[in-house]
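Me: Can you take a look at this one with me? I'd like to start with a single residue and then go over the whole chain.

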Amino acid sequence: MLNNATAEEYRRLVSDGVARVARTVAGTTRPFTGTTPGELAPVVDAIDLDRPLGDASAALEELERVYLRDAVYFHHPRYLAHLNCPVVLPALLGEAVLSAVNSSLDTWDQSAGGTLMERRLVDWTAARIGLGRAADGVFTSGGTQSNVQALLLAREEAFRLLRKNSAAPPPVSAMLPKLRVLTSEAAHFSVLKGAKLLGLEPDAVVPVPCDASRRMRVDALAHEVRRCREEGLTVMAVSATAGTTDFGSIDPLPEIAALCEEAGVWFHVDAAYGCGLLASPTRRHLLDGIERADSVTVDYHKSFFQPVSSSAVVVRDGTTLRHATYHADYLNPARNVEERIPNQVDKSIQTTRRFDALKLWLTLRVMGADAVGELFDRVVDLAADAWRLLDADPRFTVVTEPTLSTLVFRYVPARAGNGGPAADETAVDLANLHAREAIAASGEAVVAATVVDGRHHLKFTLLNPETTLDDIRAVLDLLAAHAEDHLTRNARLTGTPAA
C-alpha cells in the first residue's frame, strides 16, 4: 500500500517503470512491430496469474514481452491512423500524480481541491466556447459518454416541454416512440448508440444528407424538421458535428443554430475532434456558431494532446444537468444542496470518477492554451500540405479537402494508356485493404481505413505535430507499392491483365 512507510519504495518502483518506458520510447523506430493476435495471444495466455513473480523488476521484464514491445506507439510520426494523439509532458506528470493520490471526483469529501479545479476547467472551457455565465458541465470518460449524456438531457427537456404544452401530460410510453434525433450522415456512431441506450425507437436517429465537403446540408435538415412536425413526431435534438471522424468536416453551425432556435429544438455540437480549435490562435473562427449550442462535447484527449481519458460535456444552462442527478443518503444526500456542498456526482452519469482534469490543469499552467493551440494548428497545416500532395499524385484520389487534419483517399492504378480501361473496382478495393494490412504488418506505419460511397478507402488522421511531409511521402510510396504488388499478383493468378 502507498503510505508514509512505503513512500520511498513507491518512488523507486515508479522510477524504474518510467525509466523502462522512457528507454522503450527512445528506442522506438517504428509505430508497431506488426505482431498478430495469433502470435501475441499465446504469450499472454501462458502467464499464470495465480503464481505471482514477487518482484517488480521481474514483472517489468515480463511486461516488456507482453505489452511494451508490441504496443502501438502514437508518438511515432508515422502513426497516422485513428484519433489518438501523442501526449504533452505536463499531462503525463498529472497522470502520475492523480493515480497515486487516487481522488474520486464524485463528492467533495473525496476530492476537495480536485472538485474546485475540475469546476474551474469546465468554466474555462465554457468561456472558450462562449456559452455564457449560466453554463456548466462535467468531465467524462470520452466523446461517447458526453454525447449520450447530452442526448439524455435533450430527451428529458423534450419530455418537459411536451408535458408543459399538453392539457393532459402524456406518459413517457406515449412520448418516447415519437422522439427523433437529426444528425449528419457523417456523424459519429455514438449518436446511434446513445439513442438506443435511451430507449428510443430503432429509426429514431434520422441521417441528414451531406454536401460534397461532407457537411450537413441545412436545406435537408430543414426538410426533416418540417417532415417530423407534419408527421406528429418530436425532434428532441439536432446533433451537429465539429470535426467528423472520417473527414474532419465541420457542419455549418451558425445556420443550424438559427434553424434550431426557430424550431425550439435542442442544439448539440459534437466537437470531440474539433475542440482543439478552441485554443487555436488562428482558426477559432471555424467554430463560429458553437456558442449558440445547448450542449457541447469536447475531447481533450484528442486535440488537446492529453492522455486518455480527458473529456467533458458542457451545457449552456447548468440547471439542465439536474436530469442526471440522483441523491443517495450515503453519498450525496439532498441536504448537501442546501448546504452548498459541491458534489460533482450531481452532474454526472458516473459515480466513482478519476481526477482526469488534473492533466489539463497542469498542461495549461505549464504550457498555456496558445501553445496547445499552436500544436493543433501544425497538424492542420500539415493536412493541408498533404492534401495538395495527394491531389497532385496520379496514384491516389482524395475525397475532400480537409478542414482539420484528416485525409480520406484511395489508391487507383494507372490506366493502361491514355483513356484505357480502369481496373475492376472490386480488385481496387482489395488492393487498398491489402495495402493497409501490409504496411501494418511491416510495422513501418499505421494508417486507417473507411468506406466511402460503398468503396474501400485509406485514411490519415494527423495528430502528431512531429510528423513531416517527408513522412507522408514515404508512407504513400509504401501504400502504392503494396497495392500495386497485390494487383499484379492477383492478375497473375487470375490470368487477367493488371490495370
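**One histidine, then the chain**

Me: Is His486 buried or exposed?
Reply: This is a predicted model. In it, His486 has a relative accessible area of 17%, and since buried means under 20%, His486 counts as buried.

Me: Which helix is His486 in?
Reply: His486 belongs to helix H17, which covers residues 469-494.

Me: And what is His486 in contact with, leaving aside neighbours within four places in sequence?
Reply: With those set aside, the contacts of His486 are Leu430, Ala431 and His434.

Me: OK, whole chain now. How many helices and strands?
Reply: The protein chain has 17 helices and 12 strands.

Me: What share of the residues is buried?
Reply: Of the 499 residues, 50% are buried.

Me: And the contacts, how many link residues 24 or more positions apart?
Reply: Among contacts with a separation of 6 or more, 73% are between residues 24 or more positions apart.

Me: Switching to the surface: what is the accessible area, and what part is carbon and sulfur?
Reply: The accessible surface is about 23,300 Å², and carbon and sulfur atoms hold 54% of that.

Key: Residues numbered from 1 in each chain as written. Predicted model: local features only at pLDDT ≥ 70, side-chain atom pairs only at ≥ 80, totals over all residues. Heavy atoms only, no water. Helix = DSSP H or I, 4+ residues; strand = E, 2+ residues; numbered from the N terminus. Buried < 20%, exposed > 50% of the residue type's maximum accessible area, 1.4 Å probe, protein only. Contact = heavy atoms within 4.5 Å. Areas by Shrake-Rupley, 256 points an atom, 1.4 Å probe, with all protein chains shown as cover.
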